[in-house]
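Grab the model and work through a few exercises. Try each task before you read its solution.

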Amino acid sequence: MTTDVKIKAPKKRRNASLDKRKARGGWLFVLPFVLGFVLIYIPIIIDSIRYSFSLASYADVAGAPMNFEFVGWANYSNALFEDANFVQNLVKGLTDMVMDIPMILIFSLFMAVLLNQKMAGRAVFRAIFFIPVILSTGLMESIEASNTLGQNMGGADGIDDGSGQSTAGDLVSTLDLQQMFDGMAVGQGLVSFVTNAINNIFDIVNRSGVQMLIFLAGLQSISPAIYESVQIDGASAWETFWKITFPMISPMILVNAVYTIIDSFTTNSNVVMNFIQNIYGQSMEGKGISSAMAWMYFLVVLAIIGIVAAIMSAYVFYQRKD
Amino acid sequence: MNAQNIDNKPKVQKETKNKIRVEFERTPLKERLKAKFLSTFFLQKVVFYIFRLVLLVGISYIVLFPFFSKITGSIMAPEDFADATVRLIPKNVSFDIYKAIWTDNAYLEAFTNTLLLSVSTALLQTFICCFVAYGLAKFKFKGNGLIFLAVIFSLTIPHQTLQFSMSEKFVNFDILGIMQFLNGGGINILGIFKYTNESLAAIDIIPDSWEMFIDGYAMNLTNTFWPLIVLSICGLAFKNGLYIFMLRQFFRGVPDELEESAYIDGSGIMRTFFTIILPLSVPMMITVFLFSFSWQWTDEFYINLFFPGSDTVLMDDIYRNVPTTLSKLMDTVDTDISLYKTAIRNTGGLMIIAPLIVMYLFCQRYLIQGIERSGLTAD
């Protein structure tokens, strides 16, 4: 008996210490982020909120910190009630987002399912599809934007610069499509939705790279055994998709929906963000106002993310792991 | 029916002690082909195959065509743009646009500077994100969930919301007064840091309500690489939340037994991480590196924010200088061709992303591998 106790006691202690060591190790790993978040990021956020309540002006001496004067809700009321364009832009930006998100989600899921199948040249197609993720960001986006602007002003056509309209214009004419749909008894809204989607296909392909990646990775994690057993039971490809793939990938759909919302409202091409950026650059008063606008926009989008996540998570299927 | 059954009955041809050789009477070739190719199953397969191929090729075209047209446009001579018969294949090849952009901008300088910046930040981001993601994925400690929430939160806040305060933060960079302390004597600690005015302390510039701005000795980090490097070290730079999320999911897929066996063999936590986990996750790390590198390379926002009036030439400056090159080149052409303008802008863009294209050609293999091995799960 006594020997038993002696053996047990140190074992217990060692277990506890391993757990503790692992906990300490965990803290060590996340330390850079935690330090940065607490010491740099949170002050930045607090400052940003403060600035949205104040009027900035240049310091009296060059190189000194700026002066800030507390003005209460003035920036917010200025943005909402005095600025003629902010609310309009906000509404436009939000409707754009609501239109774009389902399209990007459907497209990226569809492409991911296609790219996940075994076929000749799969690696080549994958490599091509991820080009936009790497190359069509930041500066390239700005160049595309200035091209479209120049084209609209110059009225040029001919060479395709990938600015969206002309690409789709070469492939299918919007008018043809509209005529085709006119014969069917579908609502005008749906028609414009579909034609919009085809017109913006370049944009959508560009913006769904990361989503495709996340979906592909999700598809890889579905066990092949499930597909095998379904096949033995005689399910068709259609049934397999809706009964197996879709539920299994549904957590990824939620993740992607949230990511797409975040991504679409933080990109440079976003209407509201561009507007805010302009206000920011215009004047010193604009800096406070732009902060106020950005915070309002952020809160609205956060609310949308919350609603979407709440609705979708009710339908998301999580596989139980035993 | 009956007759057929009898016909198809296997005939035992030869029987030895160990082997039985059986021969079926084969259905005729015509019948076999009919069964194979005239079924709805086969038809479905063919239709689906064609549909898939058309779709994939079509979308590849949409992705690749802009690049193709940009490249051909960039080597066209000005007269080709006026010629209506020339559309995609240039008649007169000229490299004037490339030459003009190369000479008007310090392209090489911009290239080396941007390379230095992108490589350093991307390497830092990759390793820091690996660290944080591994800590979040494999260790249970109090506050794990809270930190993950903070990661997602940092991804959610748009950088435009924070731009003003972020630039202010790095113009007057100070953490808990440490910088002020280090910098107090006005000694240049690191040559890279630039001061704000030392004589500020003497002048009363402090507004009553903003006491946090008292320190006149804080450092001005703008126009150096430091703001981006500091953000990278903390895993707070552009889209780092996404990298941490991706890597965390990847590490969750790595079986615990791997580390447990390493621990039993006496390897410490750090050693296990560096010798076992990191080599496993190389494709995933290359994916993250590729993202952070190329997003930093084409970044415009942070460069504008942190390099407001700098002598450091970056890729962003090339983009901003294109209009001057454009007006110079347009002077040499007598007519105002808007297509030529577009081509000049596109060439500028091509020269900016040329290194990325080369890199992508080499790295896409790892990107695909990274996807294949990631096995994301969202629980």
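First, a term: a nonpolar core is a set of buried Ala, Val, Leu, Ile, Met, Phe, Trp, Tyr and Cys residues joined through C-beta atoms within 7 Å. Buried means that 20 or more other C-beta atoms lie within 10 Å of a residue's own, exposed means 12 or fewer, and partly exposed is in between, with C-beta atoms placed from the backbone. This is a predicted model, where local features need pLDDT of at least 70 and side-chain atom pairs count only at pLDDT 80 or more, while totals for chains, interfaces and linings use all residues. Residues are numbered from 1 along each chain as its sequence is written, and chains are lettered from A and ligands numbered from 1 in the order in which they are written.

**Exercise 1. Find the residues of the largest nonpolar core that touch the most other members.**

Step 1: the core has 142 residues, and the ones to pick are Phe215(A), Met293(A), Cys129(B), Val132(B), Ala133(B), Leu247(B) and Val288(B). Step 2: the top contributor is helix α6 (residues 107-138) of chain B, with 13 residues. Helices here are DSSP runs of H or I, at least four residues, and strands are runs of E, at least two, numbered from the N terminus. Step 3: zoom in on Phe215(A). Ignoring neighbours within four places in sequence, Phe215(A) contacts Ser108(A), Leu109(A), Ala112(A), Ile249(A), Met252(A) and Asn256(A). A contact means C-beta atoms, placed from the backbone, within 7 Å.

**Exercise 2. Describe how α3(A) packs on α11(A).**

Step 1: two packed helices are described by the angle between their axes and the distance between the axes. Axes are lines fitted to C-alpha atoms, for helices over the stretch in contact, and angles run from 0 to 180 degrees between N-to-C directions. Step 2: helix α3 (residues 86-116) and helix α11 (residues 209-220) of chain A meet at about 45 degrees, axes 8 Å apart. Step 3: that makes the pair oblique, given that under 35 degrees is roughly parallel, over 145 roughly antiparallel, 65 to 115 roughly perpendicular and the rest oblique. Step 4: list the partners. On the α11(A) side you'll find Gln211(A), Met212(A), Phe215(A), Leu216(A) and Leu219(A), and the α3(A) side includes Ser108(A), Leu109(A) and Ala112(A). Step 5: sort the contact by class, which gives 11 nonpolar, 3 polar and no charged residues. Ala, Val, Leu, Ile, Met, Phe, Trp, Tyr, Cys and Pro count as nonpolar, Asp, Glu, Lys and Arg as charged, and the others, Gly among them, as polar.

**Exercise 3. Now do the pair α15(A) and α8(B).**

Step 1: helix α15 (residues 284-313) of chain A packs on helix α8 (residues 159-171) of chain B at about 145 degrees, with axes 8 Å apart. Step 2: Lys287(A), Ser291(A), Ala294(A), Trp295(A) and Phe298(A) meet Gln160(B), Thr161(B) and Phe164(B). Step 3: the classes come to 4 nonpolar, 3 polar and 1 charged.

**Exercise 4. Is Lys239(B) buried or exposed?**

Step 1: look in the loop between α10 (226-233) and α11 (240-253) of chain B. Step 2: Lys239(B) counts as buried because it has 22 C-beta neighbours inside 10 Å. Step 3: check the backbone. Most residues other than glycine have a negative phi. Lys239(B), not a glycine, has a positive phi of about 60 degrees.

**Exercise 5. How many residues of helix α12 of chain A are buried?**

Step 1: go through the 9 residues of α12(A) (residues 224-232); the number buried is 0, so the helix lies largely in the open. Step 2: just after α12(A), Gly234(A) has a positive phi of about 90 degrees.

How values were computed. Contact = placed C-beta atoms within 7 Å.
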